[in-house]
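Please keep the sequence and the structure in view while reading.

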Number of protein chains: 2
Amino acid sequence: MARHKTGNNVIDKWRELLRRHATVSCALDRELGERHGLGVSEFEVLDHLAEGLSTDAGGKEKFRVQELADEVHLSQSALSRLIARLEREGLVTRAMCEADRRGVFVLLTDEGRKRHAEAAPTHLAVLTAHLG
Amino acid sequence: MARHKTGNNVIDKWRELLRRHATVSCALDRELGERHGLGVSEFEVLDHLAEGLSTDAGGKEKFRVQELADEVHLSQSALSRLIARLEREGLVTRAMCEADRRGVFVLLTDEGRKRHAEAAPTHLAVLTAHLG
DNA sequence: AGACATTACATGCACCTGCATTCAATGCAC
DNA sequence: GTGCATTGAATGCAGGTGCATGTAATGTCT
């Protein structure tokens with residue numbers, strides 16, 4: 001009886017999950033990095049921002065830092081620095097939130113929208129190749 | 001038409017994969033860390049070593065570093081350091097490989113086997129709770 | 001044997017991450 | 001309004017990761 005490969009217990013499920021995650025995120029990181037100078041998390045953030053923009057009904061154009069952190073599964077501190085990197089590259093801008101001046105809105109710049117539009121096909125292609 | 005949640009394209013698949021990975025590995029890291037002083041990768045390595053040991057037919061008791069790296073999806077350098085940490089804690093030992101003296105065998109110590117045995121139930125419980 | 005490529009692992013380095021802390025702005029009770 | 005807990009985000013710090021490189025041992029070709 002084969003001990004390895006396809007089992008049906010949770011451990012095998014977990015290992016398969018780990019394997020897929022490692023494979024895909026590794027490939028994504030390589031492609032996005034080489035071709036567009038973006039990491040996986042960076043793209044994910046741009047993507048959420050762009051998605052918000054494109055959604056006309058109920059769509060948002062600005063997001064709070066914590067809000068984005070939840071969506072991309074990063075700690076608040078990691079996101080704060082990620083935003084700082086994106087800002088340094090001119091892809092997003094931080095804006096004061098008038099209603100609650102503790103808050104900071106993150107906005108896509110035109111350059112950011114452009115980079116996201118360029119990278120999105122690569123992103124989709126890699127995912128299709130691995131999860132299609 | 002709902003824009004969020006259950007779609008059937010690769011992007012939704014990928015996000016779901018990211019979500020599950022983040023949730024489970026986060027929970028695992030917390031439980032294994034608090035209760036047994038181990039990280040996810042550390043446990044994974046101990047687990048592979050213990051699994052090799054327990055398999056009598058064709059089972060191996062010692063592994064090369066690169067061999068383990070493939071299984072736990074870590075770079076060779078990361079694994080080298082991880083082994084160093086485990087060795088510092090007395091859970092594994094490095095042994096010279098006589099046949100090829102460039103190689104290094106990694107072996108579970110009794111203490112390592114003990115820690116793994118203690119942590120395995122926690123590991124399984126967390127996985128069952130999240131993937132059951 | 002001698003020169004060069006390859007392999008296995010270790011290490012310097014830059015960078016990213018999370019935790020704990022800090023700082024400012026709010027909210028709340030009284 | 002004053003005092004105190006809470007919240008949103010930034011930052012010091014410790015630690016983990018990959019890439020490029022270093023070192024030693026093997027393999028190969030002549």
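By class, the surface near DNA strand D has six nonpolar, eight polar and nine charged residues. Here a residue is near a strand if its C-beta atom, placed from the backbone, lies within 6 Å of it. As for the classes, Ala, Val, Leu, Ile, Met, Phe, Trp, Tyr, Cys and Pro count as nonpolar, Asp, Glu, Lys and Arg as charged, and the others, Gly among them, as polar. The model is a predicted one, in which local features need pLDDT of at least 70 and side-chain atom pairs count only at pLDDT 80 or more, while totals for chains, interfaces and linings use all residues. Residues are numbered from 1 along each chain as its sequence is written, and chains are lettered from A and ligands numbered from 1 in the order in which they are written.

Of the 23 residues around DNA strand D, those that come nearest are Gln66(A), Ser77(A), Ser80(A), Ser75(B) and Ala78(B). At least two residues of this surface are supplied by each of helix H3 (65-72) and helix H4 (76-88) of chain A and helix H4 (76-88) of chain B. Helices (H or I, at least four residues) and strands (E, at least two) are DSSP runs, numbered from the N terminus.

Around DNA strand C there are likewise 23 residues, of which Ser75(A), Ser77(A), Ala78(A), Ser77(B) and Ser80(B) come nearest. The elements giving two or more residues to that surface are H4 of chain A together with helix H3 (65-72) and H4 of chain B. By class, the surface near DNA strand C has six nonpolar, eight polar and nine charged residues.

The relation between the two protein chains comes next. Two copies of a chain are related by a rotation about an axis and a shift along it. Chain B can be laid on chain A by a turn of 180° and a shift of 0.0 Å along the axis, with an RMSD of 0.1 Å; the superposition is by least squares on the C-alpha atoms of residues with pLDDT of at least 70 in both copies. The two copies are thus related as by a two-fold rotation axis.

Where the chains meet, 18 residues of chain B are in contact with 18 residues of chain A, contact meaning that the C-beta atoms of two residues, placed from the backbone, lie within 7 Å. On chain B, the elements that give two or more residues to this side are helix H1 (10-36) and helix H5 (110-131). H1(B) contributes the largest share, eleven residues. The residues of this side of chain B divide into nine nonpolar, five polar and four charged. Because 100% of the interface residues of chain B are also interface residues in chain A, the copies meet through the same surface.

One helix pair shows this meeting in detail. The axes of helix H1 (residues 10-36) of chain A and H5(B) come within 9 Å and cross at roughly 80°. Such axes are lines fitted to C-alpha atoms, for helices over the stretch in contact, and angles run from 0 to 180 degrees between N-to-C directions. H1(A) and H5(B) are therefore roughly perpendicular to each other, a description that covers angles of 65 to 115 degrees. Val10(A), Ile11(A), Lys13(A) and Trp14(A) of H1(A) meet Leu127(B), Thr128(B) and Leu131(B) of H5(B). This contact has five nonpolar, one polar and one charged residues.

Each chain also has a sheet. In chain A, an open sheet of three strands has the order E1-E3-E2, with antiparallel pairing; two strands pair if DSSP finds at least two bridges between them. Strand E1 (63-64) and strand E2 (92-96) of chain A stand at the edges, each with a single partner strand, so one side of each is left without a neighbour in the sheet. H4(A) packs on the sheet and touches E2 and E3 of chain A, its direction making about 115° with that of E2(A).

In chain B, three strands form an open sheet in the order E1-E3-E2, and the pairing is antiparallel. Two bridges join strand E1 (residues 63-64) to strand E3 (residues 104-108) of chain B, with Arg64(B) opposite Phe105(B). Five bridges join strand E2 (residues 92-96) of chain B to E3(B). Along this pair, Met96(B) stands opposite Val104(B), and Val92(B) stands opposite Leu108(B). H4(B) packs on the sheet, touching E2 and E3 of chain B.

Technical notes. Parallel < 35°, antiparallel > 145°, perpendicular 65-115°, else oblique.
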